[in-house]
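Here's a quick briefing to read with the structure open beside you. Take it topic by topic.

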Amino acid sequence: MGTGAEHPSTLMQAVAAAFSEDGPLALAQPGFQPRPGQTEMATAVAETIEHGGALVVEAGTGVGKTFAYLVPALLSGERVLISTATKALQDQLFSRDLPRLVDALALPVRMALLKGRASYLCLHRMDIARQHPLAADTSVARMLARVEEWSQATATGDLAELPGWDERSAATPLFTSTRDNCLGSSCPRFRACHVHLARRDALAADVVVINHHLFFADHAIRDSGMAELLPSVRVVVFDEAHQLNDVGVQFMGIQLSSSQWMDLARDVLAAGQMLAPGLADWPGIADGLDQAAKNWRLAVGSWAPNTRLRWVGAAPEGVNAVAWTGAMLQLSTACRRTLAAVDMVSEIAPDFLRLHERCIRLMERIDVFSDPFGPDAVRWVEVGPHPLRAVQAPLDIAAPMRALWSPDAVGSRADGGSLNDAHDADPGLPWADEDSSSAAAALAAGPGTAAGRPRSWVFTSATLGDDASMGWFTASCGLEGARVMQVESPFDYAIQAALYVPRQLPAPSDPAHGTAVAHWVGDAIRVLGGRTLVLTTTLKALRTIGDALLARFPEGAGIEVLVQGDWPKRRLMERFREGDGEGSRAGCVLVASATFWEGFDVPGEALQLVVIDKLPFPPPGDPVVEARSQRLEHLGKSAFRHFALPEAAIALKQGAGRLIRSEHDRGLLTITDSRLVTMGYGKRLLAALPRMRRIESEEEWIESLGSLVTTPSTRAHPSP
């Protein structure tokens, strides 16, 4: 691609022409219809690209925001970095949306898809996987055989292409690498490394598609390769930007988990027995690490799954301080013993050098968690079915990230260091080869500018706030000075959808609430023959409502009840989207929580009713929620008004957004929490929802259900 539009009006004119009735998009895509909101957003993106700065756009469902930012970005001739919320959205953007647009616009664009290390096959680790103790397990051996066969044919090494791969498999760590165990340019398979090649492709591409996790990994730059990519692009787009703060907080914090210690034990044992047998008591050293990790977990005691424990003093709340301190000391001792052993054999193979670095890094993290932390951070311990995890994180990403996208932030990194410091941060980055000079040239530009011109930042999502200022998003991301705009959905919600809040159900605080919701919703499910998504605010409610509906609609009842956790997420989504299919296949009900509140798009007539069990206020006992609330109270602000209420409004918008996905859809939304209509703050929450018709009585509700059955909709995907 070229170096950018030469005249201020050129890009604007090209964008307007692309979205016109007889433009290239209309000619290339049957059914394309110009939408004023889409063109308005595309024009704003074009202006931002031309002049630089930050643009924040909340684009309602159906606007077509993907094409609204892709068209001006592609037509600008600039190098573009696009970050999405998940790897699944990455794949969709790279494999479907971008190719369609590039063809329609007839542009010679080089595109690249870049993911984190764990998404790619590691050739070196696969070479040695058969010697690993875990390979003796039959299921692991079968998976390794499948991977070995696939490795001969794959060009990218992207594990998303591997049929039947489950990232939760015990075999996965044997053929993937992490920042901890990657050997970088010292690896014997470095030249053929899929991660290395993907990064080289990204450096040469005009458009690079990444994800938020990759962008923020290790302070947004060092581990992800952003040190090379970011300074060389002028246009950066964040789609599904509402997740930026949560993802950024996760990666800008410090973590110490029992899985890190157990992984270290596994890798020390494998490397020691293979590369330096007999030179140290490798089984004993590995066992010491493994036992220390287990004792650390035991020191916490028994808690409900997914519990977060505040950690303010010497130990997390509710944990015996003596036992906790002793367990931390055992971790440190086991690590020092490991460090001494690998130090003796460090010259034998690069594997031991990386193990040495991992030990140092883990000991440094123990020191961090032994010291006090500041008022703008929060510390907690996560326990439950997953490995024990200690976390210390900032309350938001505003301060560190303001330096990244500020136009005045030239020549400095988000973490306060020089961009050139990134050279020493990660041997897995591809600057130790013959092209290192071009990487150094790219690094010469600072994060605020690229080649002397202001960088353009675009942040977009369907949900970025509950008011016109979108302060919920901009404040947490350090974007107070950004241009902000809202683009309304083109859907006619007053005709296509209706909202009902039943008042006869028990209060949300009543233990009988979940069972009553299941009984009441069950009647609607029977009328619709399934076609219902029930979104819960807690895992307890998920189980209560799911179990009640499973009991009411057993196998053979003509309605299939799907409950999150019983099947993998992808399988649940695929089955629900199938609906009642053909023949005798049953209609579906899906009871879900967490990730199903957003990014779940159901085509066809498989979904006609969305049920939200309670107003989704943030959990009051969560350490992060409490710390953010306390900070607001110290500033003299109401934590409920400025934090809890906006958080609930955003979540409610996301959940409600599952219902209407095209101009042909018709459906009902019910929120089984009477506080929405009885409490004063309910008006603010209602104002955040699409302007649906309101159902006021049970009789009207039953009539509305019946109309969906007698006059089925013709659901379809929205046009781009």
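How much space lies in the largest cavity? About 140 Å³. Keep in mind that this is a predicted model, where local features need pLDDT of at least 70 and side-chain atom pairs count only at pLDDT 80 or more, while totals for chains, interfaces and linings use all residues. Residues are numbered from 1 along each chain as its sequence is written, and side-chain values use heavy atoms, with hydrogens and water left out.

**Cavities**
- A cavity here is a set of points on a 1 Å grid over the protein atoms alone where a 1.4 Å probe fits but cannot get out.
- By this rule, there are three cavities of 30 Å³ or more.
- The largest cavity is lined by 14 residues (each with an atom within 4 Å of a point), and Cys122, Cys182, Leu183, Cys187 and Cys193 are the closest to its centre.
- Sorted by class, that lining has seven nonpolar, five polar and two charged residues.

**A patch on the surface**
- Met274, Leu275, Leu279 and Ile348 make up a nonpolar patch with about 320 Å² of accessible area together.
- To join such a patch, residues need over 30% relative accessible area and no salt bridge, with nonpolar side chains joined within 5 Å.
- Leu279 sits in the loop between α12 (258-275) and α13 (282-300).
- Leu279 counts as partly exposed because its relative accessibility is 49%, and partly exposed lies between buried (under 20%) and exposed (over 50%).

**A buried leucine**
- Look for Leu669 in strand β19 (residues 667-671).
- Leu669 has a relative accessible area of 0%, so it's buried.
- Leu669 and Thr532 are 137 residues apart along the chain, and their C-alpha atoms are separated by 10.0 Å.

Terms used: Patch = residues over 30% accessible without salt bridge, like charges linked within 9 Å, V, L, I, M, F, W, Y side chains within 5 Å. Areas by Shrake-Rupley, 256 points an atom, 1.4 Å probe, with all protein chains shown as cover. Salt bridge = Lys/Arg side-chain N within 4 Å of Asp/Glu carboxyl O. Helix = DSSP H or I, 4+ residues; strand = E, 2+ residues; numbered from the N terminus. Buried < 20%, exposed > 50% of the residue type's maximum accessible area, 1.4 Å probe, protein only. 1 Å grid on protein atoms, 1.4 Å probe; cavity = no way out; pocket = protein on both sides within 12 Å on 5 of 7 lines; lining within 4 Å. Points joined across faces, edges and corners; volume = space filled by probe spheres on them. Nonpolar A, V, L, I, M, F, W, Y, C, P; charged D, E, K, R; others polar.
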